[in-house]
Amino acid sequence: MEEESRVEQTDPGKERLKCIIECLIFASDIPLTVERIRQVLEDLPPRQIRELVEELMEEHRTHPRGLYIREVAHGFQFCTRPEFAPLVQQLRKSKPYHLT
C-alpha cells in the first residue's frame, strides 16, 4: 500500500521535465549550465531547474547505473562510473567496423 501511494504522488509533469533535462545533459558535448537549460525550457526558473537536476543526481546515486551526473565547470554532465572506465577505454581502443 505504501508503495502505491508514493507512485500516485509522482507528478507526471515534473517527471517529464526531469526526462527532458536528462536528455539535454546527455546530448550536450560540454557541461550544461542551468542558464543554458533555462534557454531551452523558458518557463522554468533557474532555482527549479537546479532542484530537478539535483533530484536526477540523487536518483542516479540511489539507483546506480553505468553513468552518473556530476557538476563540473558550473554545469552538469554525464560521466562513466569509475569502475566501468577500463571497459570504455577498451572500446575506444578497438578498431571500428567498416561497412562495405
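**Exercise 1.** Work out whether Glu54 is buried or exposed, or falls in between, and find its salt-bridge partner.

*Solution.* Start with accessibility: Glu54 has a relative accessible area of 38%, so it counts as partly exposed (buried is under 20% relative accessible area, exposed over 50%, partly exposed in between, with a 1.4 Å probe and protein chains only). Next, the partner: Glu54 forms a salt bridge with Arg50, with the closest N and O atoms 3.5 Å apart (a salt bridge needs a side-chain nitrogen of Lys or Arg within 4 Å of a carboxyl oxygen of Asp or Glu). Now place the pair: both residues sit in helix 4, 4 residues apart, or about one turn of the helix (helices are DSSP runs of H or I with at least four residues, strands are runs of E with at least two, and both are numbered from the N terminus).

Before going on, keep in mind that this is a predicted model: local features need pLDDT of at least 70, side-chain atom pairs count only at pLDDT 80 or more, and totals for chains, interfaces and linings use all residues. Residues are numbered from 1 along each chain as its sequence is written, and side-chain values use heavy atoms, leaving out hydrogens and water.

**Exercise 2.** Stay with Arg50 and trace its link to Glu71.

*Solution.* Arg50 is partly exposed, at 29% relative accessible area. Its salt bridge with Glu71 has the closest N and O atoms 2.9 Å apart. That pair links distant parts of the chain, with Glu71 in strand 1 and Arg50 in helix 4, 21 residues apart. Glu71 itself comes out partly exposed, at 42%.

**Exercise 3.** Describe how strand 1 is paired.

*Solution.* Strand 1 (residues 67-72) pairs with strand 2 (residues 75-80) in the antiparallel sense, over 6 bridges (strands pair if DSSP finds at least two bridges between them). Then inspect the turn: the two strands form a hairpin with 2 residues between them, and Ala73 in the turn has a positive phi of about 50°.

**Exercise 4.** How do the axes of helix 2 and helix 4 cross, and which residues make the contact?

*Solution.* The axes of helix 2 (residues 12-27) and helix 4 (residues 46-62) come within 10 Å and cross at roughly 80° (axes are lines fitted to C-alpha atoms, for helices over the stretch in contact, with angles from 0 to 180 degrees between N-to-C directions). The two helices are therefore roughly perpendicular (65 to 115 degrees; under 35 is roughly parallel, over 145 roughly antiparallel and the rest oblique). Helix 2 contributes Lys14, Leu17, Lys18, Ile21 and Glu22, while helix 4 brings Gln48, Leu52, Val53, Glu55, Leu56, Glu59 and His60 (contact means heavy atoms within 4.5 Å).
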